[in-house]
Amino acid sequence: MPNSGDFKDRITTIERHFLDEQLAHPEAKGDLTSLLYDLALAGKMIASKTVQAGLADILGSTGAQNVQGETVQKLDVFADQTIYRLNDHTGRLACMGSEEQDEFIPIPEKYPKGNYVLLYDPLDGSSNIDVNVSVGTIFAIYKRKTPPGGPGTLEDCLQPGRNLVAAGYVIYGSSTMLVYTTGNGVHGFTLNRMLGEFLLSHPNVKMPAKPKYYSVNQAYEPYWSAGVLQYVRWLQTGENKLSLRYIGSLVADFHRNLLAGGTFCYPADRKDPKQPGGKLRLLYEAAPLAFIAEQAGGYATDGHRRILDIEPTSLHQRVPLFIGHKALTKPVEDYVQKYDK
Ligand code: AHM
């Protein structure tokens with residue numbers, strides 16, 4: 001007789017899981033559950049395109065025609081529009097923000113306005129798609145700051161990560177997975193392509209106690225500060241005997257380190273004077289992944305402070321990011337403090 005308490009004896013769809021989480025909040029009206037479900041649907045729609053990327057000629061420029069004479073969209077544009085079109089009319093959102101759009105995205109006047117704010121990076125690492133390397137979608141959900149009913153504003157988008165009510169990502173890899181948290185642990189679902197369903201495969205993910213990897217673009221070493229250089233030396237030579245793994249696709253690098261144990265760094269560097277704060281975006285990349293990392297027992301910092309405590313000042317603000325296994329990640333703050341005057 002199987003142990004009915006073991007998740008492996010049950011088949012849990014993502015919908016069932018979202019609903020079970022909602023039951024723990026009797027006051028909930030179901031808007032967050034529906035929003036998460038629509039994001040899972042967006043993930044399935046984007047996944048169905050990524051697996052055909054080489055065939056469907058969707059790497060070409062926007063506006064090109066495919067062999068059927070249809071207008072072809074680049075995959076990142078398709079991903080951006082898919083998420084927008086699934087969410088603009090549902091009455092759950094006050095506004096949105098996309099890494100692909102310069103300004104925040106208001107909900108059209110004709111549709112009702114809701115209480116949540118959705119920020120998303122529709123296709124992170126999209127240059128990797130051309131060479132068949134995993135890419136991902138990242139999402140972050142906040143409660144609006146402005147009063148209910150009216151249109152959302154930029155102020156609703158510029159919130160520190162500690163205000164997040166949910167965050168997650170979809171990774172389009174050897175299989176498609178959705179990983180998310182609402183502050184009650186981190187849960188991972190694998191897409192069963194035959195069924196078109198995300199099924200619970202990784203309940204309550206915790207970062208392994210013994211880390212294996214560090215991930216950084218080592219080519220930028222000449223442009224790092226003394227503190228970052230010393231920190232990375234410590235990662236290389238410390239007692240953990242880490243291996244280097246770097247894909248250059250944030251979701252894929254983060255996901256590997258979440259499951260296998262490790263830390264990811266994208267430090268500030270002197271390579272591009274126009275981007276002194278590093279490459280990754282606080283609102284679309286760093287904050288949602290930081291929420292997931294902390295929920296899995298890890299940590300995320302910009303080298304000075306917890307990512308989740310940074311008050312954003314602009315929609316596309318960039319931050320240095322060190323994220324992963326806590327005991328491997330937190331020491332960067334000491335190195336920066338000691339060596340970077
Ligand atoms: P993108 O916004 O052009 O997709 O770039 C983001 C990606 C991340 O996924 C990844 O961590 C980083 O760029 C890699 O950058 P680099 O090639 O400088 O190492």
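Which residue forms a salt bridge with Arg162? In this predicted model, the partner is Asp309, and the closest N and O atoms of the two are 3.3 Å apart. The pair links distant parts of the chain, 147 residues apart: Arg162 sits in the loop between helix 5 and strand 5, while Asp309 sits in the loop between strand 12 and strand 13. Arg162 is partly exposed at 43% relative accessibility, and Asp309 is partly exposed at 34%.

Asp309 also meets the side chain of Arg306 in a salt bridge, at 3.0 Å from N to O. Arg306 is partly exposed too, with a relative accessible area of 26%.

The structure holds 13 salt bridges, and another one worth a look joins Glu99 to Arg281, with the closest N and O atoms 3.0 Å apart. Glu99 lies in the loop between strand 1 and strand 2 and Arg281 in the loop between strand 11 and helix 8, so the pair ties together parts that are 182 residues apart in sequence. Glu99 is buried, at 16% relative accessibility, and Arg281 is buried at 14%.

Now turn to the helices. Helix 2 (residues 31-50) packs against helix 4 (residues 75-87) at an angle of about 155°, their axes 10 Å apart. Because the angle is over 145 degrees, helix 2 is roughly antiparallel to helix 4. Their crossing is right-handed. The residues in this contact divide into eleven nonpolar, three polar and two charged; among them are Leu35, Leu39 and Met45 from helix 2, and Phe78, Ile83 and Leu86 from helix 4.

Definitions and conventions: Residues are numbered from 1 along each chain as its sequence is written. This is a predicted model: local features need pLDDT of at least 70, side-chain atom pairs count only at pLDDT 80 or more; totals for chains, interfaces and linings use all residues. Side-chain values use heavy atoms; hydrogens and water are left out. Axes are lines fitted to C-alpha atoms, for helices over the stretch in contact, and angles run from 0 to 180 degrees between N-to-C directions. Helices (H or I, at least four residues) and strands (E, at least two) are DSSP runs, numbered from the N terminus. Angles under 35 degrees count as roughly parallel, over 145 as roughly antiparallel, 65 to 115 as roughly perpendicular and the rest as oblique. A crossing is left-handed if the near helix is turned anticlockwise from the far one by less than a right angle, and right-handed if clockwise. Contact means heavy atoms within 4.5 Å. Ala, Val, Leu, Ile, Met, Phe, Trp, Tyr, Cys and Pro count as nonpolar, Asp, Glu, Lys and Arg as charged, and the others, Gly among them, as polar. A salt bridge is a side-chain nitrogen of Lys or Arg within 4 Å of a carboxyl oxygen of Asp or Glu. Buried means under 20% relative accessible area, exposed over 50%, partly exposed in between (1.4 Å probe, protein chains only).
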